[in-house]
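Subject: Structure handover and notes

Hello,

Please find the structure below, followed by my notes on what was found in it.

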Amino acid sequence: MRGRRRLAGLAAVGALVAGCSGSGGDEGSPGANGEKDAESRASAAPSPEAEQTPPDTQLSVPALYDTSRGWESTEEGTQFPLPRTGAVALYWERTSEVAPTEHGFTVLDATTGERRWSSVPIGPLGSTDLPHFRATVDGREYLVAWSTGVTGADAINRGEEITAIDIFPADSSGEAVEPLRVELPGEREVRNGGAGLLVRDGDDSVVAVDPATGDTTEYLVDDQEPPADCPDCHESWMVKGITENGPLMGTRTDIDYGGLWVPGGWATSDLRPPGTDPENDPSVGLVSDHLLVLGWGEEAASGETVWTAVDSASGETLATVNCAGDRSSETDVHLSANGRYLAHGNRVFDLEEGTGVCFQRTETTNAVEFRLASDPGVIYGYAIEPQGFTAAERPVQLDMRTGEIEQFDDIDIDLPFGDTAGYGLFWDGTLVAYPHAE
């Protein structure tokens, strides 16, 4: 490797410890135990059985991984990691000339490649489209698929339009696993809302779904308490997400207020970092499980944007980093399996140390977009090199333990799309997993 660069002021970190918990409960609460169980599964050491034979597929991978051990699978489907579960999910579609298209999930153990479970076939209502996503709530992962259509229709009855949500705990087991199905009247939109599934059918109300039980809670927008610094926000407010303490409220863009608040709890005006421009509302990075990322206005002294990682339930600031450049927040989030490292665009937070680093575009450096965070603190991504009207991506890795960022000599190196339970997950036409090198 070459292009090594030291980050000034980044403290080296030592052995890993357990990540932050967003449950807000005590050690004996079901939520706290569920999160601890999920983290222990995801952080378990690879079993000797999983290390006996090398996979036939040999890829060029970062030095963190040992290609002489591991596994590969011929299971088909769109794959995405389950870092808290220590597994990888595959979403599949099956078609035939005599039956409707079937959809479903298969989940493989990240350390062995063995099948943990597979779902019953599920079919969408109304069309062949079946939106699906992974949600992490109270430290536990779920696979969710949903669709909208008409049920109960026949030659006489016109039927009823509903939205059906199929929910699978990611730590299920067995074959033909049945989903927890939640049905709500009307055409709605379902997405990951943070501390629950967020179901929206307009701007007047939302329904929060607990994926563990299927229980629903409806929040009427007009019933929510406005923030103290915006008493007229009810004219244009909406539910942005779900926290453990209720809805996360915000406003649409047609009024001059861009703050966030949890009714009866915190507001962004309470969280503003010292020195930032009070006239600038924060940009919202994400709502994921109990985490929220906020980009604030420039500090008067440095001219840099302050980014904070926040516990969405309590409003507690967990980590802070100053970055030059804009406050763009349209990017994915990547949380390490142990919950310690949070990669978000060109920023990486260490939620244990309360610090972070930033690699934005400047007059002398290219921006880096990080796309995976591993438990040991090795973060993978791509440096974005402008080339006329296009841009080239060069693979890089950041080691949060030493503060060094490197570009790879091999521009065709395969970076993992997931890292959990001490294994990196790779895709090159075949699903391959290599363990961390000893």
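A contact, as used in these notes, means heavy atoms within 4.5 Å. The model is a predicted one, in which local features need pLDDT of at least 70 and side-chain atom pairs count only at pLDDT 80 or more, while totals for chains, interfaces and linings use all residues. Residues are numbered from 1 along each chain as its sequence is written, and side-chain values use heavy atoms, with hydrogens and water left out.

Overall make-up

The chain has 2 helices and 32 strands. These are DSSP runs numbered from the N terminus, with helices (H or I) of at least four residues and strands (E) of at least two. Of the 438 residues, 52% are buried. Buried stands for under 20% relative accessible area, exposed for over 50%, and partly exposed for what lies in between (1.4 Å probe, protein chains only). The accessible surface is about 19,600 Å², and carbon and sulfur atoms account for 45% of that; the areas come from the Shrake-Rupley method with a 1.4 Å probe, and for residues only the protein chains shown count as cover.

Nonpolar cores

A nonpolar core is a set of buried Ala, Val, Leu, Ile, Met, Phe, Trp, Tyr and Cys residues joined through side-chain atoms within 4.5 Å. The largest one has 16 residues, and those with the most contacts inside it include Leu82, Phe105, Trp117 and Ile122. Strands S3 (78–82), S4 (87–94), S5 (102–109) and S8 each supply at least two residues of this core. The largest share, 3 residues, is from S4. A second, separate core holds 15 residues, among them Phe133, Tyr142, Trp146 and Val190.

Beyond its neighbours within four places in sequence, Ile122 is in contact with residues including Glu102, Phe105, Leu130 and Phe168. Glu102 sits in strand S5 and is partly exposed, at 32% relative accessibility. With neighbours within four places in sequence again left aside, Glu102 is in contact with Trp92, Glu93, Arg94, Pro121 and Ile122. Between Glu102 and Val120 there are 9.3 Å, C-alpha to C-alpha, for a separation of 18 residues in sequence.

Charged residues

There are 16 salt bridges in the structure. A salt bridge here is a side-chain nitrogen of Lys or Arg within 4 Å of a carboxyl oxygen of Asp or Glu.

- Asp171 pairs with Arg140, with 3.0 Å between the closest N and O atoms. The two are 31 residues apart, Asp171 being in the loop between strands S9 (160–169) and S10 (174–177) and Arg140 in strand S8 (residues 140–151). Asp171 is partly exposed at 26%, and Arg140 is partly exposed at 28%.
- Glu353 pairs with Arg340 at 3.9 Å, N to O. Glu353 is in the loop between strands S24 (347–350) and S25 (355–358), and Arg340, 13 residues apart from it, is in the loop between strands S22 (333–335) and S23 (341–344). Glu353 is partly exposed, with a relative accessible area of 42%, whereas Arg340 is buried, at 1%.
- Arg401 pairs with Asp399 at 2.9 Å, N to O. Arg401 is partly exposed at 31%; Asp399 is buried at 16%.

Which charged residue is buried yet has no salt bridge? Asp289 is the one to look at: the nearest side chain of opposite charge, Arg84, is 4.6 Å away. For charge, Lys and Arg count as positive and Asp and Glu as negative, with His and the chain ends not counted. Asp289 is in the loop between strands S18 (283–288) and S19 (291–298). A polar atom of the Asp289 side chain lies 3.2 Å from the backbone nitrogen of Asp138. Not counting residues up to four places away in sequence, Asp289 touches Thr136, Val137, Asp138, Gly139, Gly194, Ala195 and Ser312.

Backbone angles

Most residues other than glycine have a negative phi. Ala176, in strand S10, has a positive phi of about 55 degrees and is partly exposed at 47%. Ala421 also has a positive phi, near 55 degrees. Ala421 is in the loop between strands S30 (418–420) and S31 (423–427) and is buried, with a relative accessible area of 1%.

Regards

Methods. A polar contact is a pair of N or O atoms within 3.5 Å; within protein, one must be able to donate a hydrogen and the other to accept it, and residues adjacent in sequence count only if both atoms are side-chain atoms.
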